[in-house]
Amino acid sequence: MGILDSFSLQGKVALVTGASYGIGFAIAKGFADAGATIVFNDIKQELVDKGVASYAEVGVKAHGYVCDVTDEAAVVALVEQIEREVGIIDILVNNAGIIKRIPMLEMTATEFRQVIDVDLNAPFSVSKAVIPSMIKKGHGKIINICSMMSELGRETVSAYAAAKGGLKMLTRNIASEYGEYGIQCNGIGPGYIATPQTAPLRQPGVPFNEFIISKTPAARWGETDDLVGPAVFLASDASDFVNGHILYVDGGILAYIGKQPK
Ligand code: NAP
Ligand code: GCO
């Protein structure tokens, strides 16, 4: 096998959760370009339809399903349906995620749990549903979308940081528990990426915008396409001995102490 062939996803089935737009969409499109069959889910049929249309616009025939990843029974049914209708899932990307930016003392326990449910409990349920068939097949790739908040804290994101820190450790644990079956579970920790999730932080005049640029050695926000190469690598045979690793794709944020004030 040539070196470039080891990055090919030809013949693989990839499920990317919550991927009708944003980071999940870019990663799924990259997987399709590398040869994979794409499956994604969203909460409502209209959002799935919109997603399928967006994929079609970029030349990808994606299989879209309705499923709320926080509903464990629905997740089990979704995976069974995908296995019947498309095939065994070779690659899972736990991408669906939410954030609530609320100071901790103002956040209710219900709001805290909602974030933990989508960002941590759901990756547990979806991974649990796909792993048995991966074991039977003798290989599988799971990629968890972590965050800068898997390593760092910040005002207002207590639930998100707790969930993404937990997701980092779930990643390492899946790698530890199922590595012997040919399954690799790794994380991608995006820096600050321009998507609807970060739109409130990027409004003109919002100081956070300049703050992030000054904290990033690359001196810019990330684009969703910045995550595609790393995701294809972690989904492909090229990373078969990489397990339990979090690949931070952050323009250097975690390596940098920050610009000194002028
Ligand atoms: P986004 O633009 O808000 O997209 C998130 C996606 O998740 C949406 O498609 C959303 O569906 C879906 N989703 C939310 N809850 C769901 C549920 N219960 N079941 C199924 N799908 C659900 O976010 P993004 O910026 O692309 O982020 C994608 C992932 O990257 C998230 O895990 C996020 O935490 C992480 N991340 C983002 C950044 C960043 O800077 N943007 C940085 C680090 C990590 P709807 O269509 O229903 O809204
Ligand atoms: C924040 C959050 C998110 C980021 C991301 C950083 O600071 O508000 O961390 O908005 O998108 O997860 O990696």
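A search of the whole structure finds one cavity of 30 Å³ or more. The model is predicted: local features need pLDDT of at least 70, side-chain atom pairs count only at pLDDT 80 or more, and totals for chains, interfaces and linings use all residues. Residues are numbered from 1 along each chain as its sequence is written, chains are lettered from A and ligands numbered from 1 in the order in which they are written, and side-chain values use heavy atoms, with hydrogens and water left out.

**Cavity**

- On a 1 Å grid over the protein atoms alone, a cavity is a set of points where a 1.4 Å probe fits but cannot get out, whereas a pocket is an open set with protein on both sides within 12 Å along at least five of seven lines; lining residues have an atom within 4 Å of a point.
- The largest cavity holds about 30 Å³ of space, a volume being the space filled by probe spheres set on the points, which are joined across faces, edges and corners.
- Its lining consists of Thr17, Val69, Asn94, Asn95, Ala96, Val118, Ala122, Pro123 and Val126.
- Helix H4 (residues 109-137) gives the largest share of this lining, four residues; helices here are DSSP runs (H or I, at least four residues) and strands are runs of E (at least two), numbered from the N terminus.
- Six of the cavity's lining residues are nonpolar, three are polar and none is charged; Ala, Val, Leu, Ile, Met, Phe, Trp, Tyr, Cys and Pro count as nonpolar, Asp, Glu, Lys and Arg as charged, and the others, Gly among them, as polar.

**Largest pocket**

- The largest pocket has about 810 Å³ of space.
- It is lined by 38 residues, with Asn95, Ala96, Gly97, Ile98 and Gln197 closest to its centre.
- Helix H1 (22-33), strand E2 (37-42) and helix H5 (158-178) each give two or more residues to the lining, and H1 has the largest share, three residues.
- The lining has 21 nonpolar, twelve polar and five charged residues.

**Ligand 2**

- Ligand 2 takes up the space of the largest pocket (more than half of its atoms lie within 2 Å of the grid points).
- Around ligand 2 are 14 residues, of which Arg101, Ser147, Arg154, Tyr160 and Tyr192 come nearest (a residue is near if one of its heavy atoms lies within 4 Å).
- This shell divides into eight nonpolar, four polar and two charged residues.

**Second largest pocket**

- The second largest pocket has a volume of about 200 Å³.
- Among its 13 lining residues, Leu152, Gly153, Phe211, Lys215 and Ile253 lie nearest its centre.
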